[in-house]
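Hi,

Here is the structure I promised to pass on. Have a look at it first, and then read my notes below.

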Amino acid sequence: MLDIARDFLLANGQLDVERIREDFPILHQEVNGKPFVYFDNAATTQKPIQVIEALTHYYLTDNSNIHRGIHTLAERATAAFEATRDKVKSFLNAAEREEIIFTRGTTESINLVAATWGNQYIEAGDEIVVSAMEHHSNMVPWHMLAQRKKAKVKIIPMNDAGELLLDNLENIITSKTKLVACVHVSNALGTINPIASLINAAKKVGAVTLIDGAQAVSHLDIDVQSLGADFYVFSGHKLYGPTGVGVLYGKRSLLEAMPPYQGGGEMISEVTYEGCTYNELPYKFEAGTPNIADVVALGSAIEYVLTIGKKNIRQHETILLDYATKKALEVPGLQCIGTAADKVGVLSFVFSDVHPQDIGILLDKSGIAIRTGHHCTQPLMGRLGIPGTSRMSFAVYNTIEEIDLAIEALYKALRLLR
Ligand code: PMP
């Protein structure tokens, strides 16, 4: 069905981006009469034809409900669905396939942990530690939990470059801390956080850790066992996969001790008029018919990324980021937001005299898609004293030529706006 085992590298060891771009039909169009440039990859990545074909193949040939059916298509659909669980297990280097729970995405994975583990274990006076640069998805569920339980949310501060400050960590992660929840890679700044150090600090006080990997999985190798993370979450759509599917990794001992999230089909062992017992992992947390097709297609996305190789993707995106940063800093009045030493391909910037939204609108007129605003990180924007930024975020299929087009369009926009 799929034809992904191809050579994606040029003789010089760099990615053959033109070859990769052939796999992304959506890139080959004009927008507002201009060649389409997609720099909104931190919001969602485009999908390669292999992922789109996996989706259509599933609906054309295998569609059935899974697990309970005894007919051939039900078995095929179940096998394809469960095969993705195995792929995610090795993608994250989880110890067991039962530790991989399919959800709707990062947001649902975090809400699941807050509603189950959080409700069970957080008590009045407990502290939940998050970083200064969390996405609302890794902030609001903890605020809600803290409000319900009269617990407290504490913040790990950062410097102006967007790097977490760990020197005072023992006064933030203390014996009162029950959970440390931190973003692996910041969507607004691109910072790669020192999550191994945070996890170790949490372990010292017996706190549980949750890592928001939404922006990390497409750029970095993830090894949940060597990190020692208790929970690790991500969304398929930021990994060249479909929307509507994501993953919660949790350590078996924790998942087993947690109550179920939703009640319904599949998550039960036995139901009587009087009550019920729950299914074993991972099904205890997968109530109802799951998003079978998208889980299957997520498996293809993972294969796609692994075939190219994260190291190659990272190397390419670093070339793009370095070039774009250099070009951006030549633009009069431009200030980069997020200048951490360790970053992925995210370039956020502001001007003191021009609103990010105006830049976004004018770049769109030049066929260039960027994101503007607070990037669902309002507390972070408050910390930085800005309402929002313009953000270009890069992916494996982006090119230096596209950056030149974007910078050219930026100069043009500024001529109109100033
Ligand atoms: N965390 C981070 C760091 C993100 O970038 C995002 C998406 N922008 C989310 C969480 C939420 O992901 P989703 O909307 O796919 O649930």
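Start at the ligand, with Lys 238: an N or O atom in the side chain of Lys 238 is 2.7 Å from a nitrogen atom of the ligand. Keep in mind as you look that this is a predicted model. Ser 235 also comes up to the ligand, with a polar side-chain atom 2.6 Å from one of the ligand's oxygen atoms. Then there's His 135, whose side chain has an N or O atom 3.3 Å from a ligand nitrogen. How much of the ligand does the protein bury? Taken alone, the ligand exposes 390 Å², and the protein buries 84% of that.

Where does the ligand sit? It's in the largest pocket.

Now zoom out to the whole protein. You can count 14 helices and 17 strands in it. Its C-alpha atoms fill a box of roughly 70 × 55 × 35 Å along the principal axes. The radius of gyration is 22 Å, which agrees with the value near 22 Å that a compact globule of 418 residues would have.

Two spots in the backbone are worth a click. Most residues other than glycine have a negative phi, and most peptide bonds are trans. Tyr 240 isn't a glycine, yet it has a positive phi of about 65°. You'll find Tyr 240 in the loop between strand S9 (231-235) and strand S10 (246-250). The other spot is the peptide bond from Leu 281 to Pro 282, which is cis, with omega near 0°. Pro 282 is in a loop too, the one between strand S12 (276-278) and helix H10 (292-308).

Cheers

Methods:
Residues numbered from 1 in each chain as written. Predicted model: local features only at pLDDT ≥ 70, side-chain atom pairs only at ≥ 80, totals over all residues. Heavy atoms only, no water. Polar contact = N/O pair within 3.5 Å; in protein donor to acceptor, adjacent residues only side chain to side chain. Areas by Shrake-Rupley, 256 points an atom, 1.4 Å probe, with all protein chains shown as cover. 1 Å grid on protein atoms, 1.4 Å probe; cavity = no way out; pocket = protein on both sides within 12 Å on 5 of 7 lines; lining within 4 Å. Sits in = over half its atoms within 2 Å of the grid points. Helix = DSSP H or I, 4+ residues; strand = E, 2+ residues; numbered from the N terminus. Rg over C-alpha atoms; globule rule 2.2 N^0.38 Å.
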